[in-house]
Structure formats: C-alpha cells, structure tokens
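Q: Please take a close look at the ligand site. Which parts of the protein form it, and what touches the ligand?

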Amino acid sequence: MTMTSTPTTTPNATRRAGPPAAGGHGSSAGGRRRGREALHEVTRHGVAILVGLGFGAVVALAIVDEPSGSLHAPGGVATFAGNLAALVGTYLALVMVLLVSRVAVVERAIGQDQLVRWHKRVSPWPLSLIALHAVLTTIGYAQAAKTGVWAELGSFVRTYPDMLAAVVGFGLMMLVGIVSIRAIRRRVRHETWWALHLYLYMALALSFAHQIVLGPSFVGHPLTVAVWSAAWAATAGLVLAYRVGLPVVRTLRHKLRVVEVREEGPGVASIICEGRDLDRLGVQGGQFFAWRFLVRGMWWQAHPYSLSALPSSRYLRLTVKAVGDHSSAVATLRPGTRVAIEGPYGRFTRDAATQPDLLLLAAGIGVTALRALLEDLPADSSPVVVLRASKPEDLVLRAEIDELVRARGGKLHELIGSRQKVRVDRSSLVRLVPDLKRRDAFVCGPPEFVSHIEAVLRSAGIPRTQVHHEAFSL
Ligand SMILES: Cc1cc2nc3c(=O)[nH]c(=O)nc-3n(C[C@H](O)[C@H](O)[C@H](O)COP(=O)(O)OP(=O)(O)OC[C@H]3O[C@@H](n4cnc5c(N)ncnc54)[C@H](O)[C@@H]3O)c2cc1C
C-alpha cells in the first residue's frame, strides 16, 4: 500500500529555538553550519596526518635503533622483525583504542559509525602483529641462545622482568581477538562480547612495562621512553575522560529521571525523561545517546537509542522497539528511574547535508532519528519523507511525522506491505521523488534497509557525499 499526503499548515509549535537551515535555508545559520563543517574538515585532516606521522615514527624507530651488524648475528633477523611487529602492532593498538575513545571533537567530525567501522577494520592488525612479535621474538632469542623455542619461552617467563604480566596480557588479547571473529561473535550475546572486550584495556596495561624494560628501541633511550609513555598516558587519559568522566559529569549535572513510559505501537514504547538544562547538551535532530538505566539488571549496560524528538530544557524522549533483553526491559521502566547518558553522538544531522533540499527515508523503528531530524528542519525546507513498514501498525509516530512534514511544506510517502509486494527500487524512488538528484538523502533503520537504499541511490546516480545514514547496529 502506498499513501501520500501533501502540506497544508505552518511549522508546529514543537520546534525548539535555535539555528534553523538545512543546506541553504537561512543565511546566518547557514554560515554557522559551514563554519562547523570547515572545523570538521580540519579535524578529519588533522587526525589523518597525526596517525600517519605516528605510524612513520614507530617504523623509523624500529629501523634506526637496530644496532649495526645485529641482523647478521644468530636470531638477528627474527628479533628485528619481532621488534618491528611489536612497535607497529602496539601503535596500531593505541589507534584502535583511540578510534572508540569517544573524543567529542573527533566524534562530531567523523561520526561514531565510521569510527567504529575503522576500529573494526584496524583491530585485526595489532592483534596479528603482536602475535607475530611473540612468535618471532621467541624464535630469535632461541636462535641466539642456541636453545629450543619452548625452553626460551620458559626462560622468558621465569627470568625476564615484567614478562609474566606481558604473557597474561597477550593471552587476554588473543581471547578478545578470537571472540571478535565474526563467526564466533555471532554466537555470543552482545553483552558477553562487550564485557570480554573490556579485557583488552587490561591486556594493554599489562603489556606496557615489558616494552619499556626490554624493547631494544627503549632500553638506554630515555627520550623515546618519555615520548612513548606520554602517548600511552594520553590515550588512557582520553579514554577515561570521554568514556567515564564526561558521562558521569553529564549525568550528575542533568539529573535525568524517567517520568513516563508510553506505548506507541506493538512492542514499541516511548520513554520520556525529565532533567535540567537539557538544552545545554547541544543536541541536533538525528543524534543518539548511549543510555544506561540505573536499575537492577540494566545499570551495567549502555545501549544506543536515538532521540525521537528534539529536547526541550526539561525533557528528552527516546522511542524503543523491543528486539532483545535490554530493549524489552525499557518498556517496563518505572517513573523515577535514574538515567545516565553518554553523548550526543552521530552525524545524521542537517549539518551533514550538501544540498538545500532533503529526502528522508526510514524503515521500522528507524523513524525515531528521522522524526527528530525532521523536527530540526526549518519551515521552508520542503522535505520529502518516505516511511517503510510491513504493516500499518508498525508505522509508529506516524501522526507526528505527518504534522511535521505538513508544517515544513513537504511530502510524506508511506510504503506499507511485505518486501515482495512493496519494492523500493530505482524506478519507484524516482517516481516518488522526481527531483531525487538535487536532494541529500538521509537513510535510517535496520542495516539491511540502509545498505539496500544506499545501493538504490547509487544506481540512480546520487553521489556518496549526498547520502547519509544511521544504521541501527554497530
Ligand atoms: C546509532 C543507533 C541508534 C539506535 N536507535 C534506536 C532507537 O531509536 N530505537 C530503537 O528501538 N533501537 C535503536 N537502536 C538499536 C538498539 O540499540 C538495539 O536494538 C538494542 O541495543 C538491542 O539491545 P537488546 O539487548 O534489546 O537486544 P540484543 O538481542 O542484545 O541485540 C539485538 C541487536 O542489537 C545489537 N545491539 C545490542 N546491543 C547493542 C549496543 N549496545 N550497541 C550496538 N548494537 C547493539 C546486537 O548486535 C543485535 O544485532 C539504535 C542503534 C544504534 C547503533
């Protein structure tokens, strides 16, 4: 079933005060938006340059510090290669941790989904290189000492300083690596996988001392030790500040509590939280928080949910579909429950738009982020909104969206029915949105829907830069 409604009224009263303008609508706000984007661009380049320079420095360090002639000594080649693998591997481990450290300026410039994607892409490298380091160094030392590999391993643990801790750290690291292999991860509950993941921080901490007291690039090089230690301390500081300190400060400052849980549709509930100074969170429509509800069984896990409305100074709203333990428990929360938040995160905002006109598409519960993004658009923005659901009752927040679209002079299309009956392909999309090419598309929902629509948009000739997405899975 396809339904279409067209505008009649003016912007509704739910629009908050603040900068309007997506794309070219509103000049001073457009200027601020361009300023923010320029800053993001500088941050993106700055991060790339820093990571590249660091990489070059650690490779150079391993090569320059190799004593001349040591390559020809017994075990020299294996020991050198092991040291190179260790330096590059541990450097990449720091990068891997920094990618998910939630540093606000980097999150805003690059976006959490992209950072997590890079984190996943980088992660196999440090783990493999550190494993390679363990193997090569043991072989190299065994060749130099003219003993067997197993004897050398025993001697490492018994006689070398800080090696026992490093071996335990190595074991933990490998455990995390194995559990993260896709085929295994799919069988492990998200919470179990996440808890195991935390061991990686412990593994890195346990490995630090042996690098300094045994690494050929550090022994007798106090300046290198100082720089390397500073890099590790900075990484630990950023993780603690942004993943622990800032959320604690925000939580204490805003004092959020659940005030209402409202059913929106089958298995979908909106949770309204009350707090203070919430407008100071600097949220843009389309962003999300990691939410931690401070009740038994839920306090230890934070899950990402988008805001389904722009915040006012007193209220935040999220809308959650029950798909598993956490999302089902959310609907049972009692008024008064205290709430801790981490965020706001995400670049699924009008700031990311390159064109003045927007097309917003969402499937299922993806409507939450779309609803808030839509609310953040100015009165004259004429957005085209496409909602996709299997059944009419799955179109939650439909009336609100309809009202917001009308108020912004836009068009709403509802595509309801099974995937076989209602296909969203190039020709249907071009039919619905004849001016598709001059719009930025914002796509939100389950990962399969998002990648399908991205492919359809690409086949319709829409450049990547004009397509923005929030897939409800990390
Ligand atoms: C940026 C973002 C915004 C989201 N916004 C909303 C929203 O507004 N409304 C809504 O209903 N859902 C939203 N989700 C999805 C929501 O986070 C998951 O449905 C929820 O975390 C599932 O947890 P569970 O314990 O109920 O189910 P589980 O059975 O544990 O998981 C179901 C699925 O969700 C994934 N998942 C579980 N926990 C997390 C986590 N902490 N981080 C990332 N993925 C996880 C799992 O990999 C699995 O694919 C969003 C997800 C992301 C990434």
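**The ligand site**

A: This is a predicted model. The protein's average pLDDT is 89, and 93% of the residues score at least 70. Residues 1-25 have pLDDT below 50, and this stretch makes 71 contacts in the model beyond near neighbours in sequence. Where pLDDT is low, the predicted coordinates should not be read in detail.

Now the site itself. The ligand is surrounded by 23 residues. His 303, Pro 304, Lys 321, Ser 327 and Thr 368 are the closest. By class, the shell holds 10 nonpolar, nine polar and four charged residues.

Next, the elements behind that shell. At least two residues each come from helix H9 (190-197), strand S5 (303-306), strand S6 (315-321), helix H12 (325-330) and strand S12 (467-471). S5 gives the most, with four residues.

A ligand nitrogen atom sits 3.1 Å from a backbone N or O atom of Ser 306. A polar backbone atom of Gly 324 is 3.2 Å from a ligand oxygen atom. For His 326, a polar backbone atom lies 3.0 Å from an oxygen atom of the ligand. Taken alone, the ligand exposes 880 Å², and the protein buries 83% of that.

Conventions:
Residues are numbered from 1 along each chain as its sequence is written. This is a predicted model: local features need pLDDT of at least 70, side-chain atom pairs count only at pLDDT 80 or more; totals for chains, interfaces and linings use all residues. Side-chain values use heavy atoms; hydrogens and water are left out. A residue is near a molecule or strand if one of its heavy atoms lies within 4 Å of it. A polar contact is a pair of N or O atoms within 3.5 Å; within protein, one must be able to donate a hydrogen and the other to accept it, and residues adjacent in sequence count only if both atoms are side-chain atoms. Accessible areas come from the Shrake-Rupley method with a 1.4 Å probe; for residues, only the protein chains shown count as cover. Ala, Val, Leu, Ile, Met, Phe, Trp, Tyr, Cys and Pro count as nonpolar, Asp, Glu, Lys and Arg as charged, and the others, Gly among them, as polar. pLDDT is the predictor's confidence in each residue, from 0 to 100. Contact means heavy atoms within 4.5 Å.
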